[in-house]
There are 2 protein chains.
Amino acid sequence: MGELIKGKPVADKITEDVKLEVEELNKKGIFPKLQIIRVGEREDDISYERGALKRMSTCGILTDVKTLPADICQDDFIKEVKKSNEDTSVHGILIFRPLPKQIDENIVKYIVDPKKDMDCFNPVNVAKVTEGDKTGYAPCTPSAVMEILKYYNVDLTGKNVVVLGRSMVVGKPQALLLLQENATVTICHSKTKEIAKIASAADVVIAAIGKAKMVGKEFVKDGAVVIDVGINVDENGNLCGDVKTDECLEVASLITPVPAGVGSVTTSVLAKHVVKACKSAI
Amino acid sequence: MGELIKGKPVADKITEDVKLEVEELNKKGIFPKLQIIRVGEREDDISYERGALKRMSTCGILTDVKTLPADICQDDFIKEVKKSNEDTSVHGILIFRPLPKQIDENIVKYIVDPKKDMDCFNPVNVAKVTEGDKTGYAPCTPSAVMEILKYYNVDLTGKNVVVLGRSMVVGKPQALLLLQENATVTICHSKTKEIAKIASAADVVIAAIGKAKMVGKEFVKDGAVVIDVGINVDENGNLCGDVKTDECLEVASLITPVPAGVGSVTTSVLAKHVVKACKSAI
């Protein structure tokens with residue numbers, strides 16, 4: 001019987017560390033600040049924003065939310081991003097995505113200052129993640145997974161890790177971050193054959209495929225670690241991950257739940273990124 | 001007994017296609033041109049340059065070689081790159097790497113215009129490879145591997161591909177290009193345990209680890225495809241790959257030799273990139 005490993009203690013530890021760093025900065029008259037840019041009133045965005053604001057406040061990080069109309073044109077959106085780029089009181093910028101259709105992400109992603117880009121929107125940061133250059137900002141979710149693995153002492157060197165999913169939000173950057181920690185990484189996706197068989201050979205399985213309860217115990221080797229990145233809604237309208245948690249607990253050594261797993265660590269990573277950006281700007 | 005698959009027919013086919021495209025462009029008064037920037041007189045660079053110039057000439061692509069002194073300072077180097085960026089007669093730029101120590105690649109890589117960057121030096125192109133955005137330019141060597149697989153009808157969808165090596169020149173971009181073609185990709189490296197066992201489960205093995213004849217038949221599943229990207233010198237001073245070619249031929253279905261394998265396709269990919277850049281600039 002495996003152990004359910006929650007995100008909260010990981011988030012608490014990061015928050016505590018960040019808070020101390022912020023206090024040190026404050027003593028020098030430096031006040032780390034996050035600028036959130038939200039277009040429209042999407043429920044997901046507002047819910048994440050609420051969590052992020054609360055976390056920043058706990059860490060002592062200043063925040064400002066720029067709310068832009070859902071029908072804002074691309075030029076005006078770019079102007080707003082540039083204002084935040086130029087605002088020296090702002091150290092980190094978080095732009096909620098996806099952006100509305102009239103805004104071409106392939107254009108605006110180049111606008112946000114890579115030094116302030118907290119969630120790996122700008123290609124400069126994508127390239128840094130690919131290159132293993134730690135001066136950049138990896139996306140918050142795969143970074144949260146790395147924090148969880150570190151906190152629970154899952155050594156990755158030489159371990160076989162299977163990543164289920166190849167999105168730019170999780171799968172691909174996840175694989176690259178794992179590679180940086182010397183894991184042997186396999187990336188599976190919708191076209192993979194015998195996906196359960198491949199996963200069941202792994203020491204660590206990261207599920208980021210976006211299908212409710214797709215990963216059953218046939219995916220899990222005895223004693224493997226399972227990290228569930230999925231956020232889905234099940235047939236009863238309840239939040240659930242990509243993993244059949246109860247079933248996999250029978251074989252896994254460690255497994256993250258949904259909710260209360262990876263998702264609860266992302267805002268702490270965001271806070272950590274803001275302080276990193278603030279220190280780099282000094 | 002497997003078949004030795006050479007690079008030449010692949011290079012010839014690409015060259016032929018590129019040549020036709022260049023002829024079409026010439027008819028419209030457009031003349032694709034590659035600018036090579038070489039610092040110093042490194043033998044490897046000069047040898048590759050010779051091959052590249054010959055290939056461009058066969059394709060009808062104009063060339064210019066800018067030779068800079070080995071002790072050029074970073075500022076002067078940057079000025080030269082900018083000149084080529086601004087020269088509208090130049091469509092593609094190839095900068096030989098590694099650059100001498102006084103030039104910080106982490107700075108100058110941002111200078112070369114991503115639209116003219118033929119070998120994935122600029123992070124914009126690294127990010128495009130990561131994102132699977134085909135408007136960019138992947139490095140020539142992993143692109144050559146993809147051309148070989150395509151030419152010899154190796155379907156990659158759902159196939160298990162093991163990449164040996166995680167460099168930015170081959171391993172990582174290779175894995176990302178394979179992922180784009182729907183392969184299930186495993187990346188192995190120096191810290192991988194039981195590397196032969198992992199490779200021997202693969203349908204395709206790409207060896208890019210840089211160790212002379214490291215890959216023996218214990219790495220190769222019966223009927224697997226083996227692509228040898230290594231360029232090494234063996235104990236007798238002869239050029240050899242990462243693969244024990246003769247031994248692996250006994251089990252593989254297809255295998256590329258070294259020399260006369262992947263290496264002979266890279267300049268054709270370069271020519272293809274120059275024409276793509278030229279067409280994009282119209």
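Me: In which sense do strand 6 of chain A and strand 6 of chain B pair?
Reply: This is a predicted model. Strand 6 of chain A covers residues 184-188. Over three bridges, this strand and strand 6 of chain B pair in a sense that is antiparallel.

Me: Which residue is the bridge partner of V185(A) in strand 6 of chain B?
Reply: The two strands pair over three bridges. V185(A) has its bridge partner in strand 6 of chain B. That partner is I187(B).

Me: Which element gives the most to the side of chain B that touches chain A?
Reply: On chain B, 22 residues are in contact with 22 residues of chain A. Elements giving two or more of them are helix 5 (123-131), helix 7 (171-180) and strand 6 (184-188) of chain B. With six residues, the one that gives the most is helix 5 of chain B.

Me: What span should helix 2 of chain A have?
Reply: Helix 2 of chain A has 17 residues, 43-59. Its end C-alpha atoms are 24 Å apart.

Me: Why do the buried residues of helix 2 of chain A line one face?
Reply: Y48(A), A52(A), R55(A), M56(A) and C59(A) are buried. An α-helix has 3.6 residues a turn, so residues three or four places apart point the same way. On the other side, E43(A), S47(A), R50(A), K54(A) and S57(A) are exposed. Seen down the axis of helix 2 of chain A, the buried residues line one face because they fall within an arc of 100 degrees.

Terms used. Residues are numbered from 1 along each chain as its sequence is written. Chains are lettered from A and ligands numbered from 1 in the order in which they are written. This is a predicted model: local features need pLDDT of at least 70, side-chain atom pairs count only at pLDDT 80 or more; totals for chains, interfaces and linings use all residues. Two residues are in contact if their C-beta atoms, placed from the backbone, lie within 7 Å. Helices (H or I, at least four residues) and strands (E, at least two) are DSSP runs, numbered from the N terminus. Two strands pair if DSSP finds at least two bridges between them. The expected span of a helix is 1.5 Å times one less than its number of residues. A residue is buried if 20 or more other C-beta atoms lie within 10 Å of its own, exposed if 12 or fewer, and partly exposed in between; C-beta atoms are placed from the backbone. The arc is that of the directions from the helix axis to the C-beta atoms.
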